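Here's a quick tour of one protein chain, written for someone just starting out. Have the 3D view ready and follow along.

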Amino acid sequence: MKTNTLTPELLHNMDAYWRAANYLSVGQIYLYDNPLLKRPLTLADIKHMLLGHWGTTPGQNFIYVHLNRVILKYDLDMIYISGPGHGGPAVVGNTYLEGTYSEIYPDVSQDETGLQKLFLQFSFPGGIPSHASPECPGSIHEGGELGYSLSHAFGAVFDNPDLVVACVVGDGEAETGPLATAWHSNKFLNPATDGAVLPILHLNGYKISNPTVLARIEHEELEQLLRGYGWTPYFVEGHEPALMHEAMASALDTAVEQIKLIQHDARIRGDLTRPRWPMIVLVSPKGWTGPMVVDDHQVEGTFRAHQVPLHPNTHPEHLKLLEDWLRSYRPEDLFDEQGRLKPELAELAPKGERRMGANPHANGGMLLRDLRMPDFRDYAADVPEPGALGIGDAHVLGPFLRDVAKLNSEQRNFRVFGPDETLSNGLEALFEVTQRQWNARTVPNDEFLAPAGRVLDSMLSEHQCEGWLEGYLLTGRHGIFNCYEAFIHIINSMFNQHAKWLKVTAHLPWRRKIASLNYLLASHVWRQDHNGFTHQDPGFIDHVVNKKAEIVRVYLPPDANCLLSVMDHCLCSRHYVNVVIAGKHPAPQWLRMDAAVKHCAVGIGIWQWASNDQGVAPDVVMACCGDVPTLETLAAVSILREHLPDLKIRVVNVVDLMKLQPQLEHPHGLSDIDFDVLFTKDKPVIFAFHAYPWLIHRLTYRRTNHDNIHVRGYKEEGTITTPFDMTVLNDLDRFHLVMDTIDRLPQTGDKGIALKQQLKDKLIEHKQYIDKYGLDMPEIRNWKWKG
Ligand SMILES: Cc1ncc(C[n+]2csc(CCOP(=O)(O)OP(=O)(O)O)c2C)c(N)n1
Ligand SMILES: [Mg+2]
């Protein structure tokens, strides 16, 4: 390792800057008043509720001041991701020191009054959260739920060749599934066209009350592990500040120079061989520079430093320890009388947009450009008449997405993500114009792998796809995640966190809106013909609709033209999470493109061509939502119309699920009047639904006619069986739907009873047929809507 990277003066000033950041951190956790300690500390200066996390903070402050130095030295375009985002005081304090905080929040000024506000607002009612939350400039990652920092970092640098993301990974965080898998991201980075991620593993040895695994394996094992993941780790280890400053500065210079060399090799010499990117392992005490021993217990360098180490309100003797601790940073050397950071220290921060708190990449909406969109109508499925057989809705969408990728290949701001499923979800057309980005070895017979490509689907990790896509969106680009419906649950909590981020940022005027997070779930519950029960789970939308109505949208297009229209809308939308569920298997098509556009624009409507209640009140409303339920409903309607021609039947199709919620609860929700117009105030509604039936009840429980809504959907019955039998097992098939209708319409009388008996027999016939032949009866397979 080189020595003397830092001149004595620089070292001295950097140490002072670090002390200033540490002072601000402790001040944020504790101080109600007396921000510059101009008078002796009293209990009245201390907040009543002491909340926050000290342990990780001094290490992150140390990292931040060192990153500032390399940004200045190498003119880096760099942002900071705080994996252990509970170190909020570090990012808040540092963005305050560099000036960005006061530019965004002028009230928190760079003087004594501002300091007091900075301290007071932290973890205080009406103030700011204790994490690297959306309110904090420069943050794209709150780090509340641990695990996603490294995937976010990689998402941010794809197609951002000049960006370096410094990503602090907690050693506890490193034990999570998402983080453990994210080390492999380096096999997907193109050194010529993407930027670089500099992981800094913060090995402070502890989590909340336990040691970390990585801190308790042998040094050699850790080094081998990281090398095995393809990284070159540089260890910076110790606790003596002067030595640590020098070691960190030297390691960072080495890392940055290696990154530059790798990029030079790739960009100037055309060498795209997968590089071993550098990373740093910072081994430093948890709660570094904090109280050493409290109540006879060692604190610094142990798990006890994790949160708030001193409690003067309940332990008066801690007051003196707190004052000593704060004064140990020598605030009078750091801030002038007015509370301004001394100029020789302020100089250490980068200027303008080079400050990590002001970097536009961390406010991605500022960089967001609209996608160039092909006209989705040009990709329409041909629907000469309702019921014409289609090739599979996702297969129709493929060429549209292909051309979105093509049209935006120069802008380099659109990507498709998936866990090895782009082909199996029916989006093969993408590979006509682009490749799967992959920078590990290839062998003959691999397909579509290349160092650069718009598709990132070669890693079987839903966490990774979600994290990459989120990072990509948060830095101002666009994308879509295609996934099996059953396994999208793997990222439920990641979706939660992203939706929370969107909700909070939507109300921060300085944060610009970003592109929506789009899910395409094309391998859905009803068509898992060769996978069976494990692959049958439509519950993701139950989870999604818990989130703020202003953020979530759920679409179930009944056919390919509706899917095209919906996806066009989703790709142009901002700041939502859009969930789109549509199949990939050949299936009947219902609407010509012009009708599909109208239907999707409204989101719900009566299909007049399938109804016979024109001009009169219907006897029954047959509602459907989802491609398979739509098919079964129309088949049921045709049986009813043939056998009970006097019945007046209205068919309602739902594309936009949130139309069902009351207007007051979701911006898409129908007014009660409009809902009653469609679903009547008093007639039976037989509702065939794609997912678990109770979701429909949940959404409609306050509607006038709710008591008459009878929902069929997935009820956890499934196995490997025929497509139609899946619906039979869950009572969603046409025969059950007809029987349900007859049960609710006594006026069908003897004719109804006779039909019901006939259909019961049909169900037995069906079962015998599939057991014998292993496929659905010809009358099911060849059924066509006759109109
Ligand atoms: C997924 C997840 N599980 C559990 C927690 C609760 N938690 C908060 S901090 C923490 C320990 C973190 O340890 P580490 O990553 O080493 O951070 P540091 O030591 O820097 O504080 C835990 C378990 C969490 N925030 N996220
Ligand atoms: Mg730790």
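This is a predicted model: local features need pLDDT of at least 70, side-chain atom pairs count only at pLDDT 80 or more; totals for chains, interfaces and linings use all residues.

**H1 and its partners**

- The axes of H1 and H10 come within 9 Å and cross at roughly 150 degrees; axes are lines fitted to C-alpha atoms, for helices over the stretch in contact, and angles run from 0 to 180 degrees between N-to-C directions.
- Angles under 35 degrees count as roughly parallel, over 145 as roughly antiparallel, 65 to 115 as roughly perpendicular and the rest as oblique.
- On the H1 side you'll find Tyr23, Val26, Gly27 and Tyr30, which meet Leu322, Trp325 and Leu326 in H10 (contact means heavy atoms within 4.5 Å).
- That contact of H1 with H10 is made of six nonpolar residues, one polar and no charged; Ala, Val, Leu, Ile, Met, Phe, Trp, Tyr, Cys and Pro count as nonpolar, Asp, Glu, Lys and Arg as charged, and the others, Gly among them, as polar.
- H1 (residues 8–30) also packs against H9 (residues 241–267), at an angle of about 105 degrees and with axes 10 Å apart, which makes H1 roughly perpendicular to H9.

**The buried side of H10**

- Helices (H or I, at least four residues) and strands (E, at least two) are DSSP runs, numbered from the N terminus.
- In H10 (residues 318–327), the buried residues are His318, Leu319, Leu322, Glu323, Trp325 and Leu326; buried means under 20% relative accessible area, exposed over 50%, partly exposed in between (1.4 Å probe, protein chains only).
- These residues sit on the same side of H10 because they cover an arc of only 160 degrees around the axis, an arc taken from the directions from the helix axis to the C-beta atoms.
- Their cover includes H1, strand S6 (293–294) and helix H11 (331–334).

**Two loop residues with positive phi**

- Most residues other than glycine have a negative phi.
- Asp159, in the loop between H6 (149–157) and S2 (163–170), has a positive phi near 60 degrees.
- Asp159 is buried, at 7% relative accessible area, and its side chain makes a polar contact of 2.8 Å with that of Arg454 (a pair of N or O atoms within 3.5 Å; within protein, one must be able to donate a hydrogen and the other to accept it, and residues adjacent in sequence count only if both atoms are side-chain atoms).
- Arg330, in the loop between H10 and H11, has a positive phi near 55 degrees and is partly exposed at 38%.

Technical notes:
Residues are numbered from 1 along each chain as its sequence is written. Chains are lettered from A and ligands numbered from 1 in the order in which they are written. Side-chain values use heavy atoms; hydrogens and water are left out.
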